[in-house]
Amino acid sequence: MTDSDVRWVIEARPWGDPAGAALRKEQRVELDARYGSDDHEPGPLPTAADIDHFLIAVDPVSGVTLGCGALRQLDGTSAEVKRMYVVPHARGTGVATAVLRALEVAAVERGWTTIRLETGTAQPDAQRFYEREGYARIPLFGVYIGSPVSICYERALI
C-alpha cells in the first residue's frame with residue numbers, strides 16, 4: 001500500500017476536540033430528524049468525564065473528518081460504543097468498519113473482553129451494520145432497559 005492508497009487515517013483525539021464535536025453535532029441533527037424529536041437517547045449523554053477513548057477518521061489529503069466513535073467503560077471487562085457516526089458521503093467506504101475495529105483493538109488493550117452498544121429502532125442501517133460486523137442482539141441493558149426506541153448488541157472480543 002502506498003501513501004496515495006490511504007483513504008483515511010484513524011486518530012485518537014480528546015473528547016472535546018472541535019472536529020469531534022462537529023461530527024457529534026451532525027449525528028445529533030440526523031438522529032433528531034429520523035426520530036422526529038430530540039428525545040431519543042435514554043440515559044446520560046456521554047461527556048469527557050466518562051468517555052475512555054475517542055477516535056476520528058480523517059481524510060489524510062484534505063483533512064476532512066469522515067467519522068468517529070468512542071468507548072465508555074461499563075465495568076471491569078466491558079465497554080460500550082458511543083457516538084459511532086460516519087458522514088453521509090463516506091458511508092459504504094469502510095470507514096465505519098475501520099473505526100469499529102480500532103475501537104475493538106483499544107478495548108482489548110484496556111483488558112475489556114466484551115463490547116456492548118445501543119442503537120435505535122429508526123436506525124435499520126446501523127442494525128444491519130452491527131449484525132454484519134458480528135454483533136448479536138441482546139436484551140436491553142443499563143439505562144436502556146424499558147426504552148421503546150432502543151435496540152442493544154454485544155460482541156465478545158476474546
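A residue is called buried when its relative accessible area is under 20%, exposed when that area is over 50%, and partly exposed in between, with a 1.4 Å probe and protein chains only. The structure is a predicted model, in which local features need pLDDT of at least 70, side-chain atom pairs count only at pLDDT 80 or more, and totals for chains, interfaces and linings use all residues. Residues are numbered from 1 along each chain as its sequence is written, and side-chain values use heavy atoms, with hydrogens and water left out.

**View 1. T65 in strand β3.** T65 lies in strand β3; helices (H or I, at least four residues) and strands (E, at least two) are DSSP runs numbered from the N terminus. T65 counts as buried because its relative accessible area is 18%. Contact means heavy atoms within 4.5 Å. Leaving aside residues up to four places away in sequence, T65 touches A19, L23, I56, A57, V58 and V87.

**View 2. A49 in a loop.** A49 belongs to the loop between α1 (18-35) and β2 (53-58). Its relative accessibility is 79%, so A49 is exposed. Between A49 and R72 there are 9.7 Å in space, C-alpha to C-alpha, although the two are 23 residues apart in sequence.

**View 3. Helix α2.** The expected span of a helix is 1.5 Å times one less than its number of residues. Helix α2 (residues 95-109) has 15 residues and should therefore span 21 Å, which agrees with the 21 Å between its end C-alpha atoms. Buried residues in α2 are V95, V99, L100, L103, E104, A106 and A107. After α2 comes G111, with a positive phi near 85 degrees.

**View 4. The largest nonpolar core.** A nonpolar core is a set of buried Ala, Val, Leu, Ile, Met, Phe, Trp, Tyr and Cys residues joined through side-chain atoms within 4.5 Å. The largest one has 35 residues, and L71, V81, M84, V95 and Y130 touch the most other members. Its largest share, 6 residues, comes from α2. Among the residues that L71 touches, not counting those up to four places away in sequence, are L103, A106, A107, W112 and I115. In soluble globular proteins, nonpolar side chains tend to be buried together.
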